[in-house]
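The following paragraphs lead the reader through a protein model, from its overall form to individual residues. Please keep the sequence and the structure in view while reading.

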Amino acid sequence: MLKEFKDFLIKGSVVDMAVGFIFGAAFATFVKSLVENVVMPPIGLLLGKVDFSQLFISLDGNSYATLAELEKAGAPAIKLGVFMNDTISFLILGFVVFMFIKSYNKLRNVEAPAPKTKICSDCAMEIPVAAKKCGYCGNTAV
């Protein structure tokens, strides 16, 4: 059983899966940066210079100028801006994964080549698809 487990770890899926997780974590960091630093600033500018990451609703009744002040005070809050950034990150990541899987499936589902032979209905021998008559039994209804 130990040998089987070792073979499982070394030969296949686990190594591929580990590489996938590492790449996925790095890609998620990239997408998060893309959303926070490239996508959201122009959207905020179009909507009147709103910084989405600073949108929050304080639940303790006090007013805070920034999210950093709120977090420093340890006050509970609904962090709408953080949620919006994470939602956009999720959608971008989901779209990229969808496109990757779609491309992978397209490569994987390469059509099989057309058969070059067929089976004679009388003698069950294999003959070329273009044959009009079986070379083994002489059947013309192939």
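The model is a predicted one. Its protein chain holds 4 helices and 4 strands, and along the sequence these elements follow the pattern α-α-β-α-β-α-β-β. The radius of gyration of the protein chain is 31 Å, well over the 14 Å that the globule rule gives for 142 residues, so the chain is more spread out than a compact globule. Along the principal axes, the C-alpha trace spans about 95 × 50 × 25 Å.

Of the 142 residues in the protein chain, 13% are buried. Among contacts between residues at least 6 apart in sequence, 27% join residues at least 24 apart. The protein chain exposes about 11,100 Å², of which carbon and sulfur atoms supply 68%. As for charge, there are 14 positive and 12 negative side chains, and the centres of these two sets lie 12 Å apart.

Helix H2 comprises residues 13-46, and Val-38 is found in it. How far apart are the C-alpha atoms of Val-38 and Met-17? These two residues are 21 residues apart along the chain, and their C-alpha atoms are separated by 30 Å. Val-38 counts as partly exposed, because its relative accessibility is 47% and this class lies between the limits of 20% for buried and 50% for exposed.

Helix H4 covers residues 80-108, which is 29 residues. From its first C-alpha to its last, H4 reaches 41 Å, close to the 42 Å expected at 1.5 Å a residue. Which way do residues three or four places apart point in an α-helix? An α-helix has 3.6 residues a turn, so residues at such a spacing point the same way. In H4, the buried residues include Gly-81, Asn-85 and Ser-89.

The last stop is a loop. Ala-124 is found between strand E3 (117-119) and strand E4 (126-128). Is this residue, Ala-124, buried or exposed? Ala-124 is exposed, with a relative accessible area of 53%. Its backbone also deserves attention. Most residues other than glycine have a negative phi. Ala-124, although it is not a glycine, has a positive phi of about 65 degrees.

Conventions:
Residues are numbered from 1 along each chain as its sequence is written. This is a predicted model: local features need pLDDT of at least 70, side-chain atom pairs count only at pLDDT 80 or more; totals for chains, interfaces and linings use all residues. Side-chain values use heavy atoms; hydrogens and water are left out. Helices (H or I, at least four residues) and strands (E, at least two) are DSSP runs, numbered from the N terminus. The radius of gyration is taken over C-alpha atoms; the globule rule is 2.2 Å times the number of residues to the power 0.38. Buried means under 20% relative accessible area, exposed over 50%, partly exposed in between (1.4 Å probe, protein chains only). Contact means heavy atoms within 4.5 Å. Accessible areas come from the Shrake-Rupley method with a 1.4 Å probe; for residues, only the protein chains shown count as cover. Lys and Arg count as positive and Asp and Glu as negative; His and the chain ends are not counted. The place of a charge is taken as NZ of Lys, CZ of Arg, CG of Asp or CD of Glu. The expected span of a helix is 1.5 Å times one less than its number of residues.
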